[in-house]
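Colleague: I'd like to go through this one with you and check what stands behind the labels. Can I keep asking where each word comes from?

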Amino acid sequence: MSRRQIKIPLLFLTPALLLLTIFVLFPVVNTIYISLLNQEGEFVGLDNYAEVFGRKEFWNPQNLIEGKPPPYGALIHNGIWILVHLPLSVFFGLLLAVLLRDVKGGAIIKSAVFLGVVIPMIVGGVLLRFIYEADAGIVNAFLRVVGLGHLARTWTAFPQTILLSLILGSVWIWTGFSMIVYSAGLEGIPMELFEVAKIDGASRWRTFWRITVPMLRPATIVVVTMTLLWELKIFDIVWVIQRGGPGGASMVMAVMMYLRAFLYIPSNFGTASAIATLLTIMTFGFAAYLVNRMVKS
Amino acid sequence: MSHLLSSKSAITTLEAVLSILLIIAAIFAGYFAYLVYTPPEPELTVFSLWSDAEEENFLEALERFTNNTGISVRHVGYSTEELLIAVPTQLRAGVAIADVVIAPWPSWILSLAGEDYLTSVTDMIDTTKFPETYLDVVTANNEIYGVPFKVSGKPGFWYRKSFFTTNDLTVPTTYAEFKTLLADISQISGVDAAIASGNGVGWPLSDTTEAFIIGLGGYQLQLDLIFGDKQFTSTEVKTDVFEELASLLQAGYFSVPDDFDAQPAKVWDGTYGIYFQGSFITAFAPFKDNLDDLSFFPFPGTDGATGAVDYAIMPALTDHPDEAQQLMEFLASAEAQEIMVGLGGFLAAHADVPDSAYSAIDLSVLQFMRTVTVVPDLDDSLGPPFQTTFWDQLKLLWVTPTTDLDTLLQTLQDDWSAPPF
Amino acid sequence: MVAKLKKVKRFTILTHIIAWAVSLIWIIPFLGVVMASIRPLPEILNGWWNFEVFNPTLNGFSRAWNHPTAPLSRALLNSLIVTIPSTFIPILVAALGAYSFARFRFPTRDLLFLTIVLLQTIPQQMVIIPIFNIAISIGLWNNYIGLILVHTAFALPWQILFLRNFFSVLPVEVEEAAMIDGASYFEIFYKIVLPLTLPALASLTALQFVWVWNDFFFAAVLISSPELKLATQAIPAQMGRLDPNWTVISAASIIVMIIPIAIYVALQRYYVKGIVAGAVKG
C-alpha cells in the first residue's frame with residue numbers, strides 16, 4: 001500500500017517532527033554552536049575544547065602513566081569504565097543466558113538478575129554505596145569471611161578505590177540487560193543446527209564456539225552498542241555517591257558537564273557544551289560503527 | 001472486508017475518542033488532586049543549609065517573625081552542593097522560588113550580585129551595628145548585598161573537661177605541648193584517634209587546616225593566601241604548615257572523617273579526644289546538654305581565628321519584595337539575633353546583642369574571638385572552583401597522608417583566583 | 001550409554017548449582033536493602049545479616065514518606081503526574097509518524113527516517129542546555145508540562161523505529177480492503193491498525209514508563225521547587241549532607257523502585273519483547 005502522497009503522511013508526521021525539531025534536533029545543533037562561544041557570546045572556535053583538555057579534571061593521563069591511583073580525568077575514567085565494564089557484562093550476560101536456559105526456575109532467576117536494569121540508577125547508586133560501606137556493607141562482610149578482613153573499608157570513600165568499585169558495581173546492575181538480549185538470541189537459533197551438530201558428534205564446547213557464538217552475532221552487536229552508550233552516559237550513580245569526588249576520582253563526562261553548566265556563576269555553558277559534544281561524538285561514533293558492522297553481516 | 005469497519009472486534013471511533021478523553025480526564029483528575037492536596041503556600045520561602053538542631057532553632061526565630069508581622073514563612077534545608085546549584089539555576093531561569101537565602105559564602109554572594117540577581121540591602125540595615133569587615137566582603141559598587149546574621153567563630157579544639165581531668169591531661173599552651181598532648185591521648189585505652197575529623201562536604205577538614213595555617217603561619221599568612229600575596233607552593237606553606245599537618249596525619253592522630261555532627265558523641269564517650277569545630281557545635285547533642293563539662297582551647301600560640309558569617313540575601317526577582325524585605329530587616333535586627341543566641345551555638349553579628357544573652361561557653365568563644373584577629377574563611381572567600389578543589393584535596397590528604405604535597409599544593413594554586421572583594 | 005547418561009546428569013546438576021549460586025549473588029544486594037529498610041540503624045551497622053538482635057521497625061518507611069525536606073508522599077504523586085502523560089502521549093505521536101513511514105512513499109522519506117533513527121544515540125547532556133534555555137523562554141521551566149514535552153520528544157526516535165518495523169510486517173491487505181470500501185486514512189489508522197498494534201504499544205508503554213519514572217537528569221535540570229520534586233530527586237535530597245541513615249534511605253529506595261519493578265512484572269512479556277526487538281530483527 002505504498003501510496004505516493006504528501007498531504008496525509010505530512011499530517012501524520014507533523015506532531016512528531018515538531019517535537020523532534022524543537023526538543024532534539026535544534027538543541028543538538030545549538031549545543032555545538034554554544035560550544036564555540038565564550039561566556040560573552042563571542043565566537044572563539046575550539047578554545048573551549050582546548051580549555052577542557054587543559055583541565056586535570058577532564059584529562060590527566062600523568063597519574064595513569066606513572067602508575068598512580070586515580071584521578072585520571074573524566075575522559076579517561078569513562079574509558080576505563082568501558083574497558084572494564086563492557087567485557088565483564090557481556091561475558092556474564094552470555095554465561096547467565098546459557099546457564100539459565102535449561103534450568104528449572106530459570107525464568108524467575110532471569111527476572112531477578114534483570115531487576116538491576118529496571119530500577120532507577122539513583123537507587124542503583126544508593127545500593128552500591130550501601131554494599132561498599134565499612135560496617136554495614138556486604139562486600140566487607142565477605143572479605144572478612146574469606147580472611148581478608150584487614151582490607152575492609154568504605155570503598156567509595158577513597159579516591160584509589162572508588163572508580164573501580166563503581167565500575168564493578170555497575171556490572172552487577174547492567175548484566176541483566178546483556179543476559180536478556182542473549183537469551184532471546186539463543187532462542188532464535190534454529191534447533192536443527194544443534195541436532196545436526198549432535199549427529200555429527202560435535203562436543204558441547206565445539207558446538208558453542210562454532211554454532212552458538214556466530215549465530216549470536218547480531219545480539220552481540222546490540223549488547224555491545226547499548227552497553228557502550230550506557231557506560232559513556234553514566235551520571236546518576238556517580239552523582240548520588242560522591243558527585244565526582246573525592247578529589248575528582250570518580251568524575252565522569254556527564255557529571256562534569258552538569259557542574260560546568262549549573263554550578264558555576266556565571267555558568268560555563270561553552271565548556272559544558274564542549275564536553276557534551278565530545279560525549280556525543282563518542283556515542284554516535286561507536287553506534288554508527290557497530291550498526292554498520294551489523295548491516296554488513 | 002467492509003464488515004471490519006463496523007464489526008464489534010475493531011475499536012469504533014467513538015471508543016477511541018472516549019478512551020483518549022478518559023486518559024486526559026485521569027490526568028486532570030490527578031492534577032487537581034495534587035492541587036487540592038497541596039496545602040496553601042506560605043507567603044515566604046527561605047533556603048538555608050540548616051537541618052536538624054540548627055533548623056529547629058531557626059524555626060523559632062521565624063515563628064517570632066510570623067507573630068510580629070503575620071507573614072508565614074516556609075524553611076527548606078539544603079545540602080551544600082544542592083544549594084550551590086539550585087539558587088543560581090533558579091535565578092538564571094528568572095524564577096525566584098526562594099525569597100530569602102542564607103549562605104556563608106561571600107564570594108558566591110558577590111558573583112550572584114554581579115549577575116544582577118540580588119537586591120541591595122544597604123537600606124535595610126543599620127551599618128553601624130555590624131563590623132566593617134563583615135560588610136566589606138559582601139559589598140560591590142558601594143552596595144551591600146548580604147545581611148550578616150550568624151557568626152561562627154572557629155575558636156579551637158573542643159574537649160570534655162572531665163575527660164581531661166580523669167586522664168591527667170593539661171591544656172597545651174605551645175605547639176610542642178600540643179603534640180605531646182596528642183601522643184598522650186593516643187595512648188589512652190578506648191581512644192581510636194586523638195583528633196576527631198569532621199566530614200560533611202569537606203568544610204570541617206578545611207576549617208581544621210586553616211587553623212594550622214593561622215596557628216603555624218600567623219593570621220597574615222591566611223590573608224596573604226586569600227589575596228594571592230603568597231603562593232600555596234611557597235616553602236613557608238609547604239614546610240611550616242602542610243608537612244606538619246601531614247606528619248600528624250601519618251602518626252594517626254586524626255580520625256577517619258565522619259559526619260561532623262556525629263563526632264561530638266564520640267568525643268563525649270572517649271572514642272576521640274579533641275575536636276576542632278566552629279562555635280555552632282554547641283547547639284548539637286551531646287554538647288548542648290552538657291555545656292558545663294564542655295570547653296575549648298585555641299590552637300596554641302595562634303594570633304588569629306576564622307570567623308564565618310552566614311548572610312541573608314534577597315533575590316531581585318522575588319514575588320514578594322515587601323514581605324521579603326520585612327524578613328530581611330527582621331534578620332538584621334538585634335531581636336532576631338538575640339533569640340538565636342539564646343538557643344545556643346550562635347554568635348550574633350549585631351552589636352546590640354548583650355553579652356548576658358549568651359551561655360557561658362558561647363560567651364567564652366565570643367570573648368576569645370575578641371582577643372585575636374578575625375580573618376575570613378579561606379575557601380568561603382575564594383569560592384568555587386578553589387573551594388571544591390580545596391575540600392576535595394583535603395579529603396584526599398586525610399585518607400592518604402603520604403600523598404605528594406607538591407602536587408597537592410600545585411593543584412590548589414592552579415585553582416586560586418582573586419576574591420571578588 | 002549409561003555412562004553417558006550419568007555424565008549428562010552430573011553436568012545438569014552442576015549447571016543447576018552454578019545457576020542458583022550466581023542468582024543468589026545477584027539477589028543479595030536487594031535482600032540487604034529490604035533488610036535494612038526494616039531494621040534500626042545500629043542493627044544495620046552491625047551487619048544486616050546478623051540476626052541475634054532483631055527488632056524490625058517501620059520507622060524508616062514513615063520517615064521516608066514524611067521527610068521534612070523531600071517527602072515521598074508528595075514525590076511519588078509528582079512522578080506519576082509526569083510519567084503517565086509522558087508514557088501515553090509519545091505512543092500516539094510515534095504511532096502516527098511510524099505509520100506514515102511504513103505505509104507511504106514521499107520525498108525525503110528515507111532520509112528523514114534515517115535522521116530520526118540516528119537521533120537515538122543523542123545523550124541527554126547534548127540537548128539539556130538549549131532545552132533549559134527554551135523552557136525558560138516559553139515559561140515552562142519548573143513546570144511539569146515542559147518536562148513532559150521533553151520526555152515525549154526524547155522517546156520519539158526509538159518508538160518511531162520500533163513501530164515502523166512493527167507496521168512493516170503487518171499485512172496490508174486488511175487496510176487495502178478497507179480503503180477500497182471507502183474508509184479514510186484516519187479511520188483505517190484508528191480502527192484497524194491500532195488495535196492490531198496493541199502488543200507493540202504494550203511494549204512501548206512498559207519501556208517508556210520505566211524510563212521516565214527512573215529519569216533523574218531531565219528532572220534535576222527542569223524541576224526546582226521543593227514541592228515539585230520527583231521521586232528520583234527525593235532520594236539524594238533525603239540523603240542530605242550527612243552520612244545516610246540507612247534505615248530511612250533503604251526504605252525510600254524501596255518505595256521509589258517498587259513502581260517500575262511492578263510495571264516490569266506486570267508487563268514483563270512486553271517489556272522484554274521491547275528490548276529484544278532490536279536484537280532479533282537486526
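Colleague: Why is E43(C) called buried?

Modeller: Buried means under 20% relative accessible area, exposed means over 50%, and partly exposed is in between (1.4 Å probe, protein chains only). E43(C) comes in at 8% relative accessibility, so it counts as buried. Before we go on: this is a predicted model, where local features need pLDDT of at least 70 and side-chain atom pairs count only at pLDDT 80 or more, while totals for chains, interfaces and linings use all residues. Residues are numbered from 1 along each chain as its sequence is written, chains are lettered from A and ligands numbered from 1 in the order in which they are written, and side-chain values use heavy atoms, with hydrogens and water left out.

Colleague: Fine. Where does E43(C) sit, and which residues does it touch?

Modeller: E43(C) belongs to helix α2 of chain C, residues 41-45. Helices here are DSSP runs of H or I with at least four residues, strands are runs of E with at least two, and both are numbered from the N terminus. Leaving out residues up to four places away in sequence, E43(C) touches W48(C), V53(C), F54(C) and N55(C), where a contact means heavy atoms within 4.5 Å.

Colleague: And chain A as a whole: how many helices and strands, and how much of it is buried?

Modeller: Chain A has 14 helices and one strand, and 59% of its 297 residues are buried. Of its contacts with a separation of 6 or more, 63% are between residues 24 or more positions apart. Chain A exposes about 12600 Å², with 67% of that coming from carbon and sulfur atoms; the areas are Shrake-Rupley values with a 1.4 Å probe, and for residues only the protein chains shown count as cover.

Colleague: What makes R260(A) and E57(A) a salt bridge?

Modeller: The definition asks for a side-chain nitrogen of Lys or Arg within 4 Å of a carboxyl oxygen of Asp or Glu. R260(A) and E57(A) have 3.3 Å from N to O, and they meet in a salt bridge. The pair links distant parts of the chain, 203 residues apart: R260(A) is in helix α13 (residues 253-262) of chain A, and E57(A) is in the loop between α2 (47-54) and α3 (61-65). A relative accessible area of 3% makes R260(A) buried, whereas E57(A) has 25% and therefore counts as partly exposed.

Colleague: What about R64(B) and E335(B): how far apart are their N and O?

Modeller: It's 2.9 Å, in a salt bridge. R64(B) is in helix α3 (residues 52-69) of chain B and E335(B) is in helix α14 (residues 334-343), so the pair ties together parts that are 271 residues apart in sequence. R64(B) has 34% relative accessibility and E335(B) has 33%, which puts R64(B) in the partly exposed class, along with E335(B). Elsewhere, salt bridges that share partners join R243(A), E81(B) and E82(B) into one network.

Colleague: Which residues form the negative surface patch?

Modeller: D52(B), E56(B), E60(B) and E63(B) form it. Patch residues have over 30% relative accessible area and no salt bridge; like charges are joined within 9 Å, and nonpolar side chains (Val, Leu, Ile, Met, Phe, Trp, Tyr) within 5 Å. Lys and Arg count as positive and Asp and Glu as negative, with His and the chain ends not counted; the charge is placed at NZ of Lys, CZ of Arg, CG of Asp or CD of Glu. E56(B) is in helix α3 of chain B, and at 55% E56(B) is exposed.

Colleague: Last one: why is V146(A) called partly exposed?

Modeller: V146(A) has a relative accessible area of 44%, so it is partly exposed.
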